[in-house]
Amino acid sequence: MINVSTSAVAEIEDYRGTKTLPAGHRVALSQRLRSETSELHREIEARLGFPDSIRDLAAYRSCLVSYYRLYSPIESCLAAFPDWDGNGIGLRERLQGPRLLRDLEALDVAAASCKAAGGEWVPLVPDFAHALGVFYVLEGSTLGAQYILRRLREALGNQIDGADAFFRGHGAASGTMWNTAKRAIDSYGEKHPESCDSVIQGACSMFGAVGRWMTRPE
Ligand code: HEM
């Protein structure tokens, strides 16, 4: 689903050392994240099979429960880092746990019945750089979610009225929110070139965690 433009591919080939980059040129971290996780994105898209795998309201509810059980411990872990504001990211307004909770309430699911995923399912986040990689995946996934929601609406209609905040993501503010996030990520990458690989690693483990958890046998 992600189209990496020809020029981006050329730059990544450069980055990987196929050609020599102009002195002082560094690929923006958000661009590296996009390119270096595009295969993982393709895999997770196929593995989850949204929206076709969500055929009715029961499947929709169970999908939201699963997301809530995984995202709440991950987001608590991210929120424990004090570095967000200083790096230009308002984490609180972006958290998906509260939106999931609202949707679940609208679907009559008690939050207390949703046990958080155990530590073995949650990606390792040893430092802020890894946390930023996890954040990239969480934020980026809100882009695809809007496309998924349009298709879910076709299948489920008004059954999900009042319970679609998670898939709506940032709604009309999506473009602005995504650009702000990417600018903050790029600026972190410029200030901390030595930590960029850890950011990528954090993003890769987040893709792995979501794929494993969402397709686990119950
Ligand atoms: C399962 C079905 C999925 C579909 C159909 C889908 C679709 C999409 C689409 C269309 C975009 C690009 C949106 C745009 O550029 O405006 C996108 C971006 C993205 N998605 Fe997904 N997605 C899916 C699942 C996921 C999942 C489960 C995750 C991770 C938890 C995820 C993470 C991302 C990220 C990080 C981006 C941003 C890529 C970038 O531009 O850097 N996606 N997705």
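Visitor: Hi! What should I know about the numbering and the kind of model?
Guide: Residues are numbered from 1 along each chain as its sequence is written. The model is predicted, so local features need pLDDT of at least 70 and side-chain atom pairs count only at pLDDT 80 or more, while totals for chains, interfaces and linings use all residues.

Visitor: Thanks. How many helices and strands are in the chain?
Guide: The chain has ten helices and zero strands. Both are DSSP runs numbered from the N terminus, with helices being H or I of at least four residues and strands E of at least two.

Visitor: What percentage of the residues count as buried?
Guide: Of the 218 residues of the chain, 31% do. Buried means that 20 or more other C-beta atoms lie within 10 Å of the residue's own, exposed means 12 or fewer, and partly exposed is in between, with C-beta atoms placed from the backbone.

Visitor: And what share of the contacts comes from residues 24 or more positions apart?
Guide: Such residues account for 82% of the contacts in the chain with a separation of 6 or more. Two residues are in contact if their C-beta atoms, placed from the backbone, lie within 7 Å.

Visitor: Let's zoom in on helix 9. How many residues has it, and how far does it reach?
Guide: Helix 9 (residues 174–191) has 18 residues and reaches 26 Å from its first C-alpha to its last, close to the 26 Å expected at 1.5 Å a residue. The expected span is 1.5 Å times one less than the number of residues.

Visitor: Which residues are buried there?
Guide: In helix 9 the buried ones are Ala181, Ile185, Tyr188 and Gly189. They cover an arc of only 100° around the axis, which puts them on the same side of helix 9. The arc is that of the directions from the helix axis to the C-beta atoms. As background, an α-helix has 3.6 residues a turn, so residues three or four places apart point the same way.

Visitor: What do those buried residues pack against?
Guide: They pack against helix 2 (29–36), helix 7 (128–156) and helix 10 (196–214). The face of helix 9 turned away from the buried side carries the exposed residues Gly175, Thr176, Asn179, Glu190 and Lys191.

Visitor: Why does Tyr188 count as buried?
Guide: Tyr188 counts as buried because it has 23 C-beta neighbours inside 10 Å. Not counting residues up to four places away in sequence, Tyr188 touches Leu29, Asn87 and Leu132. C-alpha to C-alpha, Tyr188 and Ala129 are 8.9 Å apart in space and 59 residues apart in sequence.

Visitor: New topic: at what angle do helix 3 and helix 10 cross?
Guide: Their axes cross at roughly 10° and come within 10 Å. Axes are lines fitted to C-alpha atoms, for helices over the stretch in contact, and angles run from 0 to 180 degrees between N-to-C directions. Helix 3 and helix 10 are therefore roughly parallel to each other. Angles under 35 degrees count as roughly parallel, over 145 as roughly antiparallel, 65 to 115 as roughly perpendicular and the rest as oblique.

Visitor: Which residues make the contact?
Guide: From helix 3 they are Leu40, Glu43, Ile44, Arg47 and Leu48, and from helix 10 they are Cys204, Phe207, Val210, Gly211 and Met214.

Visitor: Is Asp108 buried or exposed?
Guide: Asp108 is exposed, with 8 other C-beta atoms within 10 Å. Its place is in the loop between helix 6 (97–106) and helix 7.
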